[in-house]
Amino acid sequence: MTVTDDRPAAEIGKDRRRKEDRRLITGSSRYTDNIVLPGMLHLGMVRSPFAHAKITSIDTSEAKAATNVIAVYTAADLDESVGVLINAWPITPDQKAPVHAVLPADRVSFAGEIVAVVVARSAAAARDAAELVDVDYEELPAAIDLKEAAQDKVLAHPDLGTNKSALWVFDSAEAGTGGNVEDAIARARTDGVLIEREFRQNRLIPSFMEPRSVVVDPTGEQLTMWSATQVPHILRFALAATTGVPESKIRVIAPDVGGGFGGKLQVTPEEWLAWWIARQQHKPVKYTETRSESMMAAHHGRDQWQKVTLAATKDGTLTGLKVELTADLGSYVAIVGGGVPVLGAFMYNAIYKIPAYHFSCQTVLTNKTWTDAYRGAGRPEATFAIERLMSELANELGMDPLELREKNWIKHEEFPFTTVAGLEYDSGNYEAATEAAKQFFGYDELRAEQARRRESGDPVQLGIGVSTFTEMCGLAPSRVLGSLDYGAGGWEHASVRMLATGKVEVATGTSAHGQGHETAFSQIIADRLGVPFEDVEILHGDTQVSVKGLDTYGSRSLVVGGEALVKAADKVVEKAKPVAAHLLEASVDDIEFAGGRFSVKGTDAGLSIQEVAGAVFTAHNLPDGMEPSIDAEATFDPVNFNYPHGTHLCAVEVDTETGQVKLRKYTCVDDVGNIVNPLIVEGQVHGGLAQGIAQALYEDAVFDEAGTLVSGSFVDYLVPSAADLISFDAHHTSTPATTNTLGTKGVGEAGTIASTPAVVNAVLDAVRQFGVKDIIMPCSPARVYAAIAAGRAGDTGSATEGAGQ
Amino acid sequence: MTKIELTVDGGKVSEDVEPRMLLVQFLREKLGKTGTLVGCDTSNCGACTVHVNGHAVKSCNMLAVQADGAEVTTIEGLAATYDGGDLHPVQAAFHECHALQCGYCTPGMIMRSVDLLNENPDPTEEEIREGLEGNLCRCTGYHNIVRAVQTAAAAGKGATQ
């Protein structure tokens with residue numbers, strides 16, 4: 001009993017150091033590539049160097065004859081049991097999508113597509129022999145440039161007859177959530193202000209540090225796949241659904257996974273090949289990609305053109321927003337590829353009261369690497385567009401950008417608020433976050449310094465950028481997903497097992513890959529059951545251990561998975577109560593539960609929940625007819641999304657003589673509701689900021705005219721290093737969410753969503769004085785320098801030059 | 001095949017290796033030292049960083065045969081090089097400062113940080129950031145990694161190896 005009495009009052013809110021760290025800092029990690037099994041065979045991939053080509057012949061004879069090579073497979077060798085790659089979110093009923101075969105039969109549609117696979121006794125032998133496979137190609141014209149592809153100038157998949165995959169539209173007038181945007185635009189054109197821009201969302205590569213890896217063990221009755229994946233449960237379902245192996249014979253394990261950021265929520269040709277080949281060979285099989293393979297074949301993110309029109313009155317009151325998107329799918333429609341821009345559709349109106357809204361998105365097939373979710377998935381793009389537009393409008397009106405935002409945002413007393421996109425925001429306080437951010441940032445002082453530097457003509461100019469963002473996270477209410485034609489639900493599962501030793505074993509259907517669930521979820525269970533933090537063990541990432549789940553993405557683990565934990569824990573308490581009453585010889589109605597202890601009202605008599613668990617294990621003395629178990633499980637389906645928000649302020653120094661942009665200060669105040677572990681939350685914000693800043697300043701997946709990825713390694717694709725970034729000034733305000741018990745909001749994507757426009761707004765704020773109106777991302781020294789030069793020369797049409805590939 | 005003999009994490013090992021075998025492949029595939037990880041193929045990411053004769057080396061950038069006769073320390077042997085506890089102070093600082101999330105860059109980042117502090121026991125933030133430039137992390141934004149190195153430096157224990 002003393003154990004529970006000594007326990008801290010509340011675990012939630014404590015900056016617990018992570019349980020996960022020990023194995024990771026001592027080299028006892030278990031990433032997929034670390035797994036070695038007896039008789040294991042290794043795969044080497046033969047990939048197309050062409051973006052679009054007919055395969056005229058493949059000669060595998062030399063490779064097959066090589067020492068230590070077991071087999072070489074091409075499409076001709078596969079049978080139906082290899083399955084197919086799925087698209088789980090056809091965004092319109094008439095969406096056009098090419099069949100995504102595991103190996104293409106006669107035509108490759110992006111550079112990096114696998115055309116043959118070598119099976120050998122070592123990874124080195126497999127790679128060597130892959131060089132010996134002789135493939136003849138007949139090159140075809142490739143659809144590379146997104147805008148040209150949207151005009152069907154060259155077809156990425158000639159059989160489809162068009163590159164246009166789906167047109168998805170939301171109209172507030174039609175939906176009954178607002179007025180007609182064309183009317184608003186017409187009014188603004190004659191008697192107000194119109195801001196019309198076209199923004200480029202540069203193509204990004206998620207760049208998780210652990211390259212993708214898969215091991216399949218076909219020995220024994222059950223088939224096991226280890227994969228560096230975010231989605232073991234979805235992977236198991238997709239394997240069963242497409243390869244004909246019953247779900248119960250498939251065990252998928254995501255062991256330690258080295259980051260994902262959306263990039264590992266895919267189901268991939270590499271996994272499907274490993275699965276099929278292991279079953280053919282009756283031997284364990286491993287495939288680990290090289291970084292170069294990862295960059296050209298693992299899915300990319302973003303890659304859109306955004307044509308946006310913001311209408312306002314002359315006093316700065318917003319009257320309408322129109323968004324016309326063109327989104328690059330790459331050469332296949334990935335698992336949720338088409339749905340990513342649709343997720344953004346609900347976020348363009350952001351924190352503002354906009355009376356009329358129209359959104360349309362044309363998804364387009366090209367002969368480039370496929371695209372899908374990357375941290376934020378649709379919402380960074382939306383936030384970028386609206387936050388850039390708000391700063392442009394402020395500039396047009398000569399208003400302070402924060403003042404204009406405040407004039408239009410939803411006031412804290414107006415929650416719950418139904419937006420023009422049809423979402424109900426449950427809570428928030430934009431005033432509080434913004435006021436705090438201004439104080440921490442030293443907004444007024446930096447504005448004063450900016451004025452001094454302008455005045456003196458300093459070659460290094462200071463720019464201040466603003467982003468007041470919100471996002472929808474906690475994917476997702478199943479009914480909403482159903483209404484959007486998504487192929488699955490959005491619930492999450494948890495089970496809580498009370499062990500004989502008094503320890504608590506918890507299985508969650510979320511699948512952490514760096515987020516710290518083992519720690520944060522232990523804190524939740526410790527509080528809910530009143531047991532010591534150390535006595536809780538969180539299990540995840542194995543479909544045989546956490547038997548049900550929908551995995552980790554979309555800032556869902558805490559707000560959906562955490563609520564499932566709460567509900568399962570509460571059921572345990574309810575089941576334990578009659579046992580406690582029985583053992584204490586009291587009526588159930590007189591039993592109270594607090595701090596991990598069942599007690600009889602008005603007496604000192606009591607039992608800890610861990611003592612009850614022990615009694616249930618022995619089952620010697622339970623109430624008549626009661627099953628000897630107080631274990632419980634729960635599946636939680638959220639009723640609403642979850643809406644974290646925040647105010648991000650960025651100061652940059654722009655060297656006008658070189659175009660170099662240097663971060664000077666970055667302050668953010670995020671409202672993520674109640675915080676379970678401040679240390680972990682801050683880490684999520686920092687990492688998110690780095691990725692959002694990287695989109696603004698550094699990263700760009702560039703294809704040449706032939707469709708070759710020229711930024712296909714870390715030499716050319718600029719993932720920022722420590723030397724490129726600064727220490728962040730991150731703070732919080734808290735407005736608890738009203739749609740989950742703990743009052744929490746998602747945090748995984750917030751930093752990425754908010755930061756990109758803050759940085760670009762800052763860069764523009766520094767150089768707008770030279771006549772610069774826009775700079776496409778990434779704002780590299782060359783582009784910034786060119787924009788300043790063009791602006792000074794009075795040429796403002798150069799903003800989007802060099803983008804689009 | 002070439003026979004090499006070297007000391008890895010305090011133990012003497014000898015193997016026949018292909019001349020083209022990288023040190024990191026030798027560590028992982030021949031010795032099962034899977035604590036050292038591979039993140040790229042262009043020696044940019046630093047995930048595979050180990051110590052060779054006391055200095056940080058990207059083990060993807062060195063042939064196994066070049067390590068013949070050398071003394072190699074990996075993340076798995078780091079704690080043993082420090083006699084003050086069961087973790088090296090830099091490992092402890094990474095834990096304390098939440099300087100890791102997915103953990104994939106962590107072994108390399110820790111090995112590089114130890115070397116950095118050996119060279120410069122009292123670095124400025126800028127020196128730390130520049131010193132870690134060859135090691136990429138995608139999770140932390142480096143903020144807490146810098147804090148961890150500062151914490152280890154302040155403890156005055158970074159240079160004990």
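Reply: What follows is an account of chain B, from its overall build to one pair of its helices.

The model is a predicted one, and the description should be read with that in mind. Chain B contains 6 helices and 5 strands, and from the N terminus on these elements follow one another in the order β-β-α-β-β-β-α-α-α-α-α. The radius of gyration of chain B is 15 Å, close to the 15 Å that the globule rule gives for 161 residues, so chain B is as compact as a globular protein of that length. Its C-alpha trace spans about 45 × 35 × 25 Å along the principal axes, and 60% of the 161 residues of chain B count as buried. When contacts in chain B between residues at least 6 apart in sequence are considered, 61% of them join residues at least 24 apart.

Chain B also touches chain A, with 44 residues of chain B in contact with 41 residues of chain A. On the chain B side, at least two residues each are supplied by helix 2 (75–78), helix 3 (89–96), helix 4 (106–119), helix 5 (125–131) and helix 6 (143–154). By class, the residues on this side of chain B comprise 19 nonpolar, 17 polar and 8 charged.

Two of the helices that contribute to that side, helix 4 and helix 6 of chain B, also pack against each other, at an angle of about 40 degrees and with their axes 11 Å apart. The crossing of helix 4 and helix 6 of chain B is right-handed.

At the level of residues, helix 4 of chain B brings Met109(B), Ser113(B), Leu116(B) and Leu117(B) to this contact, where they meet Ile145(B), Val149(B), Ala152(B) and Ala153(B) of helix 6 of chain B. The contact of helix 4 with helix 6 of chain B has 7 nonpolar residues, 1 polar residue and no charged residues. Ser113(B), in helix 4 of chain B, is among the residues that take part, and it belongs to the polar class.

Taken together, helix 4 and helix 6 of chain B form a right-handed crossing, while each of these helices also supplies at least two residues to the side of chain B that touches chain A.

Note on methods: Residues numbered from 1 in each chain as written. Chains lettered and ligands numbered in written order. Predicted model: local features only at pLDDT ≥ 70, side-chain atom pairs only at ≥ 80, totals over all residues. Helix = DSSP H or I, 4+ residues; strand = E, 2+ residues; numbered from the N terminus. Rg over C-alpha atoms; globule rule 2.2 N^0.38 Å. Buried ≥ 20, exposed ≤ 12 C-beta atoms within 10 Å, placed from the backbone. Contact = placed C-beta atoms within 7 Å. Axes fitted to C-alpha atoms, helices over the stretch in contact; angles between N-to-C directions. Left-handed = near helix turned anticlockwise from the far one by under 90°.
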